[in-house]
Amino acid sequence: MAQSDRPRGRPSEGADLRPARIVVADDDRLSRELLAAILRGAGHIVDVVDDGQEAVDRVSQGGVDLVLLDVVMPRLSGLEACR
């Protein structure tokens, strides 16, 4: 099957299928725990933090593949954390 013919959302043969290390930053406890549960259920390694500053601190430690940020958070917003 040509790559362009491959169904979207399915990994290609030989794809690296290791779990991603993901940081979820959200000041709403329910939102971050729900998202973390979904991601963990998909086999990923998830750290949850309460705000953008904690996300920046966690990323600075290294080993993070993806960060999911709420936009409006105390101390440091998601937009400021991206900068």
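Val72 is found in the loop between strand 3 and helix 3 (78-82), helices (H or I, at least four residues) and strands (E, at least two) being DSSP runs numbered from the N terminus. At 63% relative accessibility Val72 counts as exposed, a term for over 50% relative accessible area, with buried meaning under 20% and partly exposed in between (1.4 Å probe, protein chains only). This is a predicted model, in which local features need pLDDT of at least 70 and side-chain atom pairs count only at pLDDT 80 or more, whereas totals for chains, interfaces and linings use all residues. Residues are numbered from 1 along each chain as its sequence is written, and side-chain values use heavy atoms, without hydrogens and water.

Arg75 lies in the loop between strand 3 and helix 3, and is exposed. Although Arg75 is not a glycine, its phi is positive; most residues other than glycine have a negative phi.

| Residue | Phi |
|---|---|
| Arg75 | about 65° |

Helix 1 (residues 29-41) has 13 residues and reaches 18 Å from its first C-alpha to its last, close to the 18 Å expected at 1.5 Å a residue, where the expected span is 1.5 Å times one less than the number of residues. Its buried residues are Arg32, Ala36 and Leu39. Seen down the axis of helix 1, these fall within an arc of 65°, so they line one face of the helix, the arc being that of the directions from the helix axis to the C-beta atoms. The face turned away from the buried side carries the exposed residues Leu30, Leu34, Ile38 and Gly41.
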